[in-house]
Amino acid sequence: MTHADTPAPPIEHCFEDRDALAADLARTVTSTLLDGLSRAPRATLAVSGGSTPVPFFRALGTGDLPWARIDVTLADERWVAPDHDDSNERLVRETLLGGDAAGAGFIPLKTSAPSPEAGARECEERLRGLPWPLDAVILGMGSDGHTASLFPHAPALATALDPDCGSLCIPVTPETAPHARMSLTLPALLNTHRLILHITGADKWDVYQQALAGDDAFAMPVRAVLHQRHTPVHVYWAP
Ligand SMILES: O=C1O[C@H](COP(=O)(O)O)[C@@H](O)[C@H](O)[C@H]1O
């Protein structure tokens, strides 16, 4: 790796507690979306699921934004019904979009097809209808080093991490987690004005340090986000 190829280190934002993180991240994303709206009629935000983003979703959803001009989509989705307990769509609708933000557009990554493979074309078309680059992408990270639904050693991973894969989304069947998934690919996740990795807890900080210290993205796919030169990545962490 030459000096010119060396990725910039992630920009770290550390907080005393999760509420302080959620409030600050909500302010940053609000300002990023307003910047987007100063350039274009609509702004787009891609968010992750799981447990980490809930306080952030509640903080952002009560923020002062013209929600009718904002579209929200997902970094990844589990292939379950939209009212299933494990649905990322359900989580976003009940938290982020549960109050003032109910007027936002929502672009789901789950279709009525029986599998992500069967639904991939429709998802791809939905995503191609968005204005790229997206304004902001908020990623989470699992304790196995997955991000979005890019799971360690998943058969689809080589394609998903290929900058030239030509797809915005890809079906993934994790070997180590429940549910088949639809995930944005790495080039789609990086195609944003603001890229944020949101993690909490001492265990996730250790996983993040482990990811920074190595370069095998097939073992820890979050490394593909952390060790790239395309888009600066901001890491938000609280204990
Ligand atoms: O399965 C998933 O896990 C990650 C991390 O979730 P967390 O519960 O540890 O916060 C999440 O970012 C992803 O969107 C989700 O589908």
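**Entry 1: a histidine in a loop**

I started at His179, which sits in the loop between strand 7 (169–172) and strand 8 (181–184). I counted 16 other C-beta atoms within 10 Å, so His179 is partly exposed. My cut-offs: buried means 20 or more other C-beta atoms within 10 Å of the residue's own, exposed means 12 or fewer, partly exposed is in between, and C-beta atoms are placed from the backbone.

Housekeeping: this is a predicted model, so I take local features at pLDDT of at least 70 and side-chain atom pairs at pLDDT 80 or more, while totals for chains, interfaces and linings use all residues. Residue numbers run from 1 along each chain as its sequence is written.

**Entry 2: another positive phi, and a cis bond**

I found His153 with a positive phi too, about 60°, and it is not a glycine. His153 belongs to the loop between strand 6 and helix 5 (157–161). Is His153 buried or exposed? His153 is exposed, as 12 other C-beta atoms lie within 10 Å.

Next I checked omega: the peptide bond from Trp132 to Pro133 is cis, with omega near 0°. Pro133 is in the loop between helix 4 (116–128) and strand 6 (134–139). I flagged these spots because most residues other than glycine have a negative phi, and most peptide bonds are trans.

**Entry 3: Val47**

I looked up Val47 in strand 2 (residues 43–47). Val47 is buried, with 26 other C-beta atoms within 10 Å. Which residues does Val47 touch, leaving out those up to four places away in sequence? Val47 touches Pro53, Val72, Leu74, Ala75, Val92, Leu96 and Ile138, where contact means backbone-placed C-beta atoms within 7 Å.

**Entry 4: the ligand shell**

Around the ligand I listed Ser48, Gly49, Gly50, Ser51, Thr52, Ala75, Asp76, Asn88, Gly140, Gly142 and Ser149, taking a residue as near if its backbone-placed C-beta atom lies within 6 Å. The shell divides into one nonpolar, nine polar and one charged. In this scheme Ala, Val, Leu, Ile, Met, Phe, Trp, Tyr, Cys and Pro are nonpolar, Asp, Glu, Lys and Arg are charged, and the others, Gly among them, are polar.

Conventions:
Helices (H or I, at least four residues) and strands (E, at least two) are DSSP runs, numbered from the N terminus. Two residues are in contact if their C-beta atoms, placed from the backbone, lie within 7 Å.
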